[in-house]
Amino acid sequence: MSFEQDIKQLRLQKKMTQQELADEVHVSRQTVSTWETGKNYPSLDVLRRLSDLFDVSFEKIMFGEEIDMTDKQKSIAEAIDQDVSLKHRYKRLTMILGSIFVLLVLWLGMLLVGYQKGIDTIDRMNPFLQYKVAYTKMPSEKVINAQSKSNRGYWTKWFSDNDMGTEWTKLTLTTGLNPGVKDPYVMAYHKGSYVKIARIVPGSSVSTVMKSNVSAITRLMYSKDHDNLSMNFRSVKDLKNKKHFNKVIQELVVQ
């Protein structure tokens with residue numbers, strides 16, 4: 001029903017004249033008449049007075065029908081529950097992503113520390129490292145003897161990773177005694193500080209340039225004769241404390 005029909009019906013149900021209704025809501029009789037003919041509508045304040053007078057809801061007076069507030073409240077509650085649920089999801093997702101990020105940082109940090117400290121078990125699992133073939137001069141039998149109580153045959157020495165003399169790795173490994181190879185060198189297939197295979201090879205199978213590199217690193221570490229070396233760092237102590245470095249160490253004249 002329309003407002004004019006509703007207001008007239010409510011007035012008649014209350015057995016009131018237009019004048020009596022006008023007196024109750026403090027308007028003129030002509031104003032009530034315009035309501036009932038649809039020529040005019042009351043203000044919000046007057047609508048609330050009419051709602052109280054006829055004991056009907058404000059929605060009934062305004063819209064001509066009751067609004068189910070239960071459903072409305074239910075929909076609001078559902079919306080709130082949905083919003084809370086979404087917030088919990090976002091929070092869980094944030095925590096999961098944050099945990100993954102922290103684990104990733106810790107994993108990368110472990111790989112970096114493992115590489116710098118020369119931890120072979122970590123370097124072995126490092127996906128960012130590649131296998132290289134490196135060479136060094138084989139130590140004396142006293143050093144590599146497996147019967148030695150001090151090192152049980154394991155020895156540590158700098159290996160040259162390339163002919164340019166710019167990549168070096170300090171490796172710890174065991175090869176056993178020299179089976180009789182002339183001018184023995186050790187060839188190591190390694191990944192960081194992890195040595196997968198090590199072989200004793202004759203000096204004749206090693207390039208002259210690689211021999212020069214090995215000679216240069218040996219002279220730098222154990223001799224004071226550095227005049228014939230090309231170096232771009234100052235302190236031998238830095239070399240002793242490192243496991244890897246990429247700096248030039250070469251003999252200027254290859255013999």
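L21, E24 and V25 in helix α2 meet V46, R49, L50, L53 and F54 in helix α4, where contact means heavy atoms within 4.5 Å. This is a predicted model, in which local features need pLDDT of at least 70, side-chain atom pairs count only at pLDDT 80 or more, and totals for chains, interfaces and linings use all residues. Residues are numbered from 1 along each chain as its sequence is written, and side-chain values use heavy atoms, with hydrogens and water left out.

Sorted by class, the contact of α2 with α4 has six nonpolar, no polar and two charged residues. Nonpolar here covers Ala, Val, Leu, Ile, Met, Phe, Trp, Tyr, Cys and Pro; charged covers Asp, Glu, Lys and Arg; the others, Gly among them, are polar. Helices are DSSP runs of H or I with at least four residues, strands are runs of E with at least two, and both are numbered from the N terminus.

How are these two helices set? Helix α2, residues 18–25, packs against α4 at an angle of about 115 degrees, with the axes 10 Å apart. That makes α2 roughly perpendicular to α4. Axes are lines fitted to C-alpha atoms, for helices over the stretch in contact, and angles run from 0 to 180 degrees between N-to-C directions. Under 35 degrees counts as roughly parallel, over 145 as roughly antiparallel, 65 to 115 as roughly perpendicular, and the rest as oblique.

Next, α1 with α4. Helix α1 (residues 3–13) and helix α4 (residues 44–54) pack at about 40 degrees, their axes 11 Å apart. The two are therefore oblique to each other. Here α1 passes α4 in a left-handed crossing. F3, I7, L10 and R11 of α1 make the contact with L47, L50 and F54 of α4. Six of these residues are nonpolar, none polar and one charged.

Helix α1 also packs against helix α3 (residues 29–37), at an angle of about 125 degrees and with axes 6 Å apart. That makes α1 oblique to α3. On the α1 side are F3, E4, I7, K8 and R11, and on the α3 side W35, E36 and T37. This contact divides into three nonpolar, one polar and four charged residues.

On a 1 Å grid over the protein atoms alone, a cavity is a set of points where a 1.4 Å probe fits but cannot get out; a pocket is an open set with protein on both sides within 12 Å along at least five of seven lines; lining residues have an atom within 4 Å of a point. Grid points are joined across faces, edges and corners, and a volume is the space filled by probe spheres set on the points.

The whole structure has one cavity of 30 Å³ or more. The largest cavity holds about 50 Å³. Which residues line the largest cavity? They are T136, K157, W158, I217, T218, M221 and Y222. The largest share, four residues, comes from α9.

The largest pocket holds about 170 Å³. Of its 13 lining residues, Y115, L129, K132, T169 and H244 are the closest to its centre. β3 (168–173) and β7 (244–245) each supply at least two residues of that lining. By class, the pocket lining has four nonpolar, six polar and three charged residues.

Terms used: Left-handed = near helix turned anticlockwise from the far one by under 90°.
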